[in-house]
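Please read the following note alongside the sequence and the coordinates.

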Amino acid sequence: MPRRVLITGASVAGNTAAFWLGRAGFDVTVVERAPEFRDGGQNVDVRGVGREVLRRMGLDQAALERGTGEEGTTWVDGRGRVVARFARTEIDGDGPTAEMEILRGDLAGLLWEAARGQAAFRFGDSVARVEQDAEGATVAFASGRTERYDAVIVAEGVGSSTRERVFPGENRPRWMDLTIAYLTIPRTADDDRMWRWYNATEGRGVSLRPDRHGTTRAMLMIQQPPGGEQDWEPDRQRAFLRARFAGAGWEAPRVLAALDATDDFYFDVLRQVRMTAWSKGRVVLTGDAAWCATPLAGIGTTLAITGAYVLAGEMSRESDVAGAFAAYERAMRPMVGKAQGVPKIAPRMMNPHSRLGIRLLHVGLRAASHPGLRNLAAKAFARPPVEPDLSPYRAMETDRRPEYLSS
């Protein structure tokens with residue numbers, strides 16, 4: 001019999017792992033707290049080794065076709081005038097805007113469609129308790145069910161509750177001093193295909209990005225130390241944003257006006273997940289639950305896809321669960337370590353507090369966007385990661401069922 005695996009979280013990392021493990025012959029169940037598949041979310045991009053994993057899944061072209069159509073990034077002043085422009089077609093390789101820009105929900109949906117034929121999905125349920133022994137893990141669910149698994153993969157978000165149940169107090173978060181709110185707002189005739197970024201004083205920022213659904217994806221940013229705002233009720237978070245962005249200028253009033261009408265408001269205080277180990281017994285972490293590098297790293301989705309693929313590859317190659325988890329961690333630690341190396345001063349530099357600071361930022365961006373420097377500057381926005389070797393996992397691309405050994 002194939003080994004039984006539970007995956008918690010039906011988003012990018014969870015669906016990728018489900019696809020590959022199911023294809024390798026594992027008996028996979030994915031449990032998701034939400035009552036149905038969640039297709040909302042903001043822009044993400046996939047670069048480098050993540051694109052290679054999508055190619056191996058046969059999904060690279062489909063992901064490009066579902067892209068947002070974003071053509072580049074511009075910084076604007078309070079009147080909407082372009083201060084600096086980085087068009088994707090004018091840059092060699094990926095810059096602030098990658099070739100593959102896609103909404104999180106669209107990418108997760110593409111992966112879910114592929115994984116549904118390889119795994120069983122159960123929505124509207126979550127893990128309440130995990131008890132382990134030498135042979136496996138017994139999982140009690142919020143629905144009252146209790147089931148037995150050979151391995152449990154936690155593919156939840158930065159605030160993963162299952163991680164905290166199994167690894168209580170082991171996360172040592174690195175706070176990045178940046179608060180971000182995301183929401184979808186109605187598109188207007190002035191919205192173009194560029195990611196437009198505006199800086200206001202007091203460390204505030206507003207950005208607008210295109211999508212393929214006839215709406216615009218908005219982001220509000222505040223550079224400040226954390227104050228527990230991520231735990232507030234949404235109404236309090238909205239009131240906080242209205243107060244902080246009053247008089248901010250540019251498109252801030254338009255975004256604030258949409259706060260109550262949007263159905264995909266998301267608010268977070270950015271922090272990295274720092275774990276000394278990603279596994280304990282029969283439970284292993286992947287994606288943001290293991291290493292959230294925050295959007296500042298620029299490769300969070302690439303990490304999620306790559307990490308899930310490497311984990312599935314090691315589990316399909318190694319009959320011993322502990323050995324597979326250890327090999328996965330060895331393969332992914334260098335890539336994660338570099339991604340998490342974003343200096344804490346970066347949010348402060350990109351979100352100045354004074355008018356002088358904004359002017360200096362604009363001077364630097366204008367210089368960086370000069371044709372002679374554009375490609376060099378783009379590399380600063382998209383630092384190449386330390387990529388794991390994917391060659392050992394080619395066997396997963398076949399439909400061959402591996403010989404399962406007892407573990």
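Leaving aside its neighbours within four places in sequence, which residues is D77 in contact with?

1. The residues in contact with D77, beyond those within four places in sequence, are V83, Y198 and W250; contact means heavy atoms within 4.5 Å. The model is a predicted one, in which local features need pLDDT of at least 70 and side-chain atom pairs count only at pLDDT 80 or more, while totals for chains, interfaces and linings use all residues. Residues are numbered from 1 along each chain as its sequence is written, and side-chain values use heavy atoms, with hydrogens and water left out.

2. D77 belongs to the loop between β4 (72–76) and β5 (82–87); helices (H or I, at least four residues) and strands (E, at least two) are DSSP runs, numbered from the N terminus. With a relative accessibility of 16%, D77 counts as buried, the classes being buried under 20% relative accessible area, exposed over 50% and partly exposed in between (1.4 Å probe, protein chains only). From D77 to Q237 the C-alpha to C-alpha distance is 26 Å, across a sequence separation of 160 residues.

3. An open sheet of six strands has the order β7-β2-β1-β11-β18-β17, with mixed pairing; two strands pair if DSSP finds at least two bridges between them. Because β7 (120–123) and β17 (279–280) each have a single partner strand, they stand at the edges, and one side of each is left without a neighbour in the sheet. The pairing of β2 with β7 is parallel and runs over four bridges. E32 has F123 in β7 as its bridge partner.

4. Why does the pair of F37 and W112 tie together parts that are 75 residues apart in sequence? The whole structure contains 17 aromatic pairs, defined for rings of Phe, Tyr and Trp (its six-membered ring) with centres within 6.5 Å; planes under 30 degrees apart count as stacked, over 60 as edge-to-face and the rest as tilted. F37 and W112 are stacked, at 4.5 Å centre to centre and 5° between the planes. F37 lies in the loop between β2 (27–32) and β3 (43–45), whereas W112 lies in helix α4 (residues 104–115), so the pair joins parts 75 residues apart in sequence. F37 and W112 are both buried.

5. A tilted pair is formed by F265 and F267, with 6.4 Å centre to centre and 45° between the planes. F265 is buried at 16% relative accessibility, and F267 is buried with a relative accessible area of 7%. R238 lies over the face of F265, 4.6 Å from the ring centre; such a placement requires NZ of Lys or CZ of Arg within 6 Å of the ring centre and within 35 degrees of the ring normal. R236 is placed over the face of W232, at 3.8 Å from the ring centre. Elsewhere, ring pairs link F19, W20, Y309 and Y393 into a cluster.

6. The chain has 13 helices and 18 strands. Its radius of gyration is 21 Å, close to the 22 Å from the globule rule for 407 residues, so the chain is as compact as a globular protein of that length; the radius is taken over C-alpha atoms, and the rule is 2.2 Å times the number of residues to the power 0.38. Buried residues account for 57% of the 407 residues. Of the contacts between residues at least 6 apart in sequence, 75% join residues at least 24 apart.
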